[in-house]
Amino acid sequence: MTDSPITTNVQAGIGRITVNRPDKLNALNAATLDALYAAFNEAAEDPGTRVLVLTGAGPKAFVAGADIAEMSDLRPTEGRDFSQRGQRLMRRIETMPKPVIAMVNGFALGGGLELAMACHLRIAADTAKLGQPEINLGLIPGFGGTQRLLRLAGRAATLELCLLGIPVDAARALQLGIVNRVVAAADLEAETLKIAEQLAHAAPLALRGTLDAVNVGGECAIEEGLQYETAQFGLMFSTDDMREGTRAFLERRKPVFSGR
Ligand code: COA
């Protein structure tokens, strides 16, 4: 589809989803939120997709936020619906059964940082700027930013970013634990693909078990989380991949995982 606000493709197990509104710095309007939601739903079901890379088109922005033009005239109930639409997407990404990497190639502001934080890993270009500037619009983050930033970077950093509304550079984002790695902008794609390739060859059921256990553990008491981990751990012993992984180690060869 030529007028879609996103592009997608899958190659060698790596699915790429790109927000494609570069003239608006990839701002998230309702149509883009819906297109992303559909793309992640499809990727979740596609056995040929083992890992996803999410990014923004153009040299300047990952995503510069929710679409301010679209938001400016909303009434309260419409604002609530817009928030729910964004939150639905972020939760879809966070609970994906396969890893999602945000390749942060520039501005990740407001809904853009919220989108990156819903992903499981964030690799940022050294030129990226990240922040929650909604306060400058008389708003607060509405796609989960107050909650995910709090869990990712703690109360001090969350209040600093959300109250002051001043973006941080990639180096500071790394210090705060908001991104996993910072690389030279020219190397961003190659470095991200290296990580994606590693994940595309990893055991899919073990990746899924890890994602599920971390998601569950983030929301419950430790006893409950530990029980969940034990159940997932036990489940791994029913997989071909666990037999293959342990045998390959003992036979001093590389494992080949089938996802069964
Ligand atoms: N929503 C809608 N449009 C946006 C946008 C957003 N969040 N961010 C950028 N754009 C649009 C601009 O309106 C402009 O469109 P135009 O050319 O039709 O006027 C285009 O993208 C380029 O942006 P511009 O502001 O001219 O680029 P810049 O390099 O001068 O500034 C930013 C870049 C990121 C600093 C600036 O665009 C900005 O502050 N964006 C909003 C960030 C924000 O508050 N996000 C949170 C929203 S809840």
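Glu189 and Arg16 form a salt bridge in this predicted model, with their closest N and O atoms 2.8 Å apart. The pair links distant parts of the chain, since Glu189 belongs to helix α7 (residues 188-201) and Arg16 to strand β2 (residues 14-19), 173 residues apart. In total, 15 salt bridges are counted. The domain assignment divides the protein chain into domain 1 (6-200) and domain 2 (204-251).

**Salt bridges**

- Side chains of opposite charge can pair when their charged atoms come close.
- In the bridge between Glu189 and Arg16, Glu189 counts as partly exposed because its relative accessibility is 40%.
- Asp67 and Arg21 are both buried.
- Glu94 and Arg91 also meet through their side chains in a salt bridge, with an N to O distance of 2.6 Å.
- Helix α3 (residues 76-94) holds both Glu94 and Arg91, which are three residues apart, or about one turn of the helix.
- An α-helix has 3.6 residues a turn, so residues three or four places apart point the same way.
- Glu94 is buried, as its relative accessible area is 15%, whereas Arg91, at 39%, is partly exposed.

- The centres of domain 1 and domain 2, taken over C-alpha atoms, are separated by 27 Å.
- Domain 1 contributes 10 residues to the contact, and domain 2 contributes seven residues.
- The size of an interface is often given as the accessible area lost when the parts come together.
- Between them, domain 1 and domain 2 bury about 710 Å², and 57% of this area is on carbon and sulfur atoms.
- Of the area that domain 1 buries against domain 2, 47% is supplied by Arg50, Pro97 and Arg151, more than by any other three residues.
- One salt bridge is found across the interface of domain 1 and domain 2.
- Arg151 also forms a salt bridge with Glu219, the closest N and O atoms being 3.8 Å apart.
- One residue pair is counted in polar contact between domain 1 and domain 2, with both residues at pLDDT 80 or more.
- On the side of domain 1 that touches domain 2, the residues divide into four nonpolar, two polar and four charged.

**Buried parts of the chain**

- Helix α4 (residues 111-118) is mostly covered, with eight of its eight residues buried.
- The buried residues of α4 are Gly111, Gly112, Leu113, Glu114, Leu115, Ala116, Met117 and Ala118.
- Ala102 is part of strand β5 (residues 100-104).
- With a relative accessibility of 0%, Ala102 counts as buried.
- Leaving aside residues up to four places away in sequence, Ala102 touches Leu54, Phe62, Ala116, Cys119, Leu121, Arg122 and Ile123.
- One of these partners of Ala102, Ala116, is among the buried residues of α4.
- Ala102 and His120 are 18 residues apart in sequence, and their C-alpha atoms are 7.7 Å apart in space.

**Residues with a positive phi**

- Most residues other than glycine have a negative phi.
- Ala12, although not a glycine, has a positive phi of about 50°.
- The position of Ala12 is in the loop between β1 (6-11) and β2.
- Ala12 counts as exposed because its relative accessibility of 75% is over 50%.
- Asn26 is likewise not a glycine and has a positive phi of about 60°.
- Asn26 lies in the loop between β2 and α1.
- At a relative accessibility of 0%, Asn26 counts as buried.

Technical notes: Residues are numbered from 1 along each chain as its sequence is written. This is a predicted model: local features need pLDDT of at least 70, side-chain atom pairs count only at pLDDT 80 or more; totals for chains, interfaces and linings use all residues. Side-chain values use heavy atoms; hydrogens and water are left out. A salt bridge is a side-chain nitrogen of Lys or Arg within 4 Å of a carboxyl oxygen of Asp or Glu. Helices (H or I, at least four residues) and strands (E, at least two) are DSSP runs, numbered from the N terminus. Buried means under 20% relative accessible area, exposed over 50%, partly exposed in between (1.4 Å probe, protein chains only). Domain bounds come from an automatic or database domain assignment. Contact means heavy atoms within 4.5 Å. Buried area is the accessible area (1.4 Å probe) that two parts lose on being put together, summed over both. A polar contact is a pair of N or O atoms within 3.5 Å; within protein, one must be able to donate a hydrogen and the other to accept it, and residues adjacent in sequence count only if both atoms are side-chain atoms. Ala, Val, Leu, Ile, Met, Phe, Trp, Tyr, Cys and Pro count as nonpolar, Asp, Glu, Lys and Arg as charged, and the others, Gly among them, as polar.
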